[in-house]
Amino acid sequence: MSSFSNIQLAPVLARAVAEMGYESMTPIQAQAIPVVLTGQDVMGAAQTGTGKTAAFSLPLLQRILKHENSSTSPARHPVRALVLLPTRELADQVAQQVKLYAKYSQIRSAVVFGGMDMKPQTLELKRGVEVLVATPGRLLDHIEAKNVVLNQVEYVVLDEADRMLDIGFLPDLQRILSFLPKQRTTLLFSATFSPEIKRLASTYLQNPVTIEVARPNETASTVKQHFYSVVDDDKRRALKQLILKNGITQAFVFVNSKLGCARLARSLERDGLKTSALHGDKSQDERLKALEAFKSGEVDLLICTDVAARGLDIKDVPAVFNFDVPYNAEDYVHRIGRTGRAGASGLAISFVSATDSKNLADIEKMIKTKVELETIEFNDGFSSRPRESIGDSRGYRDSAEGRPRGGSSRENFERSHSSSSAPAWGQRSYERKAVPVDPFFDKPYEPSPAQEEQLPSWESTAKTTSRSISANIKPKRKVAALFKTEIVSPS
Ligand code: AMP
């Protein structure tokens, strides 16, 4: 393990790093920092969670420290380093980290992204900042409004470049790069080196040093992965049961669609779980609030879509659930990378339904492991069954969530399920609805009322026997929670 003392950071930066509690450099830091310090271009393959923000921010700050000054004149604080990211959340997180690393210096930093009022951003830009973190669209707005000039930029970082291209930011990037001085250092980070990324690099980078750490198909060995055969209608019940069984205190729950995300969050809230949804239709303010609430422990379950969750700087999430198997095997790796970080043990649980066989096969190929499908014995005596067998008429749900209908189920999945049992929760009779719309989910998302602080909601609801809505999640036995709290079974 390399120590930060090997790279002779300026005292103001070393102090900030020490305060962050970093003991040694991560592999990407050990490789990238010395290179960036020499001013060479870098093409880095590293996922979020590897410490890549510090890998580029620290040397970049070190190089521009020579410009630090206490003048109040905006002219003395031109943008020297520009960091571009695909999403608002990522931009916000990187900006927060940069601020922490620069806190003992006089280097100013700011972040601009869409979905927020331009005015406060404009004021900050006009005061002058040395490090600007931005999403491409909003940065162009500010350039066009002449709120910022980029002719003194010495460093540009294209972070999560593959995602920026996926989102269609290439024209914006090309425009932004055309405003920058030719003489500069360019750092490009991407999870993969696709042909498009290589093309981007060959156009804008000069003799880059290539640095590769964790390949995107590598999953941390500290993450225990489980795959359960669960029919769509049983997934919610399975989620609650596995949370209790494993004593999980906080988790990310991934779903494949925005509608599914809102739907699940609403439904879990009705069950008394402290839940927030994070998806593309949420306002920026709502998303940041959801993130903060999760970080502070006010929220126990963050229900997210892939785009909304990409790169969230939340460490040590005890568990990740794939409520839906992702369509893209790489997303599986990204999702479960949220847990088991930095050597901590993590749990990744995926619910596999009858239509997931192709996606599951892709995941097996990606993680180079044959997946063992497990079945769940529900506490109430029913195991999960294929949807067809329980007379579910709500087939509209799949198509409404943009999921492919039909498809062949895995053979062992079919065999492992009883087809004779009645629906497990509530023994409801299923009647075909004339119109495939659930008006409940047309209502705007509302957060649940404030609940008992500190304890995960499934623990507090387990203690609150009067909450009949949480009856489904009462534990049958004592379950030790990860964070030294204990669920007490109602007597
Ligand atoms: P990143 O990949 O940059 O998003 O970083 C993921 C997380 O790792 C952030 O919360 C950082 O604060 C943290 N981190 C970065 N470098 C180190 C380090 N050398 N030691 C411990 N944690 C780190």
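This is a predicted model: local features need pLDDT of at least 70, side-chain atom pairs count only at pLDDT 80 or more; totals for chains, interfaces and linings use all residues.
Trainee: Is helix H2 (residues 27-37) largely enclosed by the rest of the structure or largely exposed, and how many of its residues are buried?

Mentor: Let's start with the names: Ile 28, Gln 29, Ala 30, Gln 31, Ala 32, Ile 33, Val 35 and Val 36 are buried in H2. H2 is largely enclosed by the rest of the structure, because the buried residues number eight of the eleven.

Trainee: Which elements do the buried residues of H2 pack against?

Mentor: Good one to follow on screen. The partners include helix H3 (residues 52-64).

Trainee: Which residue just after H2 takes a positive phi, and of about what value?

Mentor: Look just past the end of H2, at Gly 39. Its phi is positive, at about 85°.

Trainee: How is H14 oriented relative to H15?

Mentor: Two packed helices are described by the angle and the distance between their axes. Here the axes of H14 (residues 329-336) and H15 (residues 357-367) come within 8 Å and cross at roughly 65°. That makes H14 roughly perpendicular to H15.

Trainee: How do the residues where H14 meets H15 divide by class?

Mentor: From H14 come Ala 329, Glu 330, Tyr 332 and Val 333, and they meet Asp 362, Ile 363, Lys 365 and Met 366 of H15. By class, this contact has five nonpolar, no polar and three charged residues.

Trainee: Which helix gives the largest share of the shell around the ligand?

Mentor: The ligand has 13 residues around it, with Tyr 22, Thr 48, Gly 51, Thr 53 and Ala 54 coming nearest. The shell holds three nonpolar, seven polar and three charged residues. The largest share, three residues, comes from helix H3.

Terms used: Residues are numbered from 1 along each chain as its sequence is written. Axes are lines fitted to C-alpha atoms, for helices over the stretch in contact, and angles run from 0 to 180 degrees between N-to-C directions. Helices (H or I, at least four residues) and strands (E, at least two) are DSSP runs, numbered from the N terminus. Angles under 35 degrees count as roughly parallel, over 145 as roughly antiparallel, 65 to 115 as roughly perpendicular and the rest as oblique. Two residues are in contact if their C-beta atoms, placed from the backbone, lie within 7 Å. Ala, Val, Leu, Ile, Met, Phe, Trp, Tyr, Cys and Pro count as nonpolar, Asp, Glu, Lys and Arg as charged, and the others, Gly among them, as polar. A residue is near a molecule or strand if its C-beta atom, placed from the backbone, lies within 6 Å of it. A residue is buried if 20 or more other C-beta atoms lie within 10 Å of its own, exposed if 12 or fewer, and partly exposed in between; C-beta atoms are placed from the backbone.
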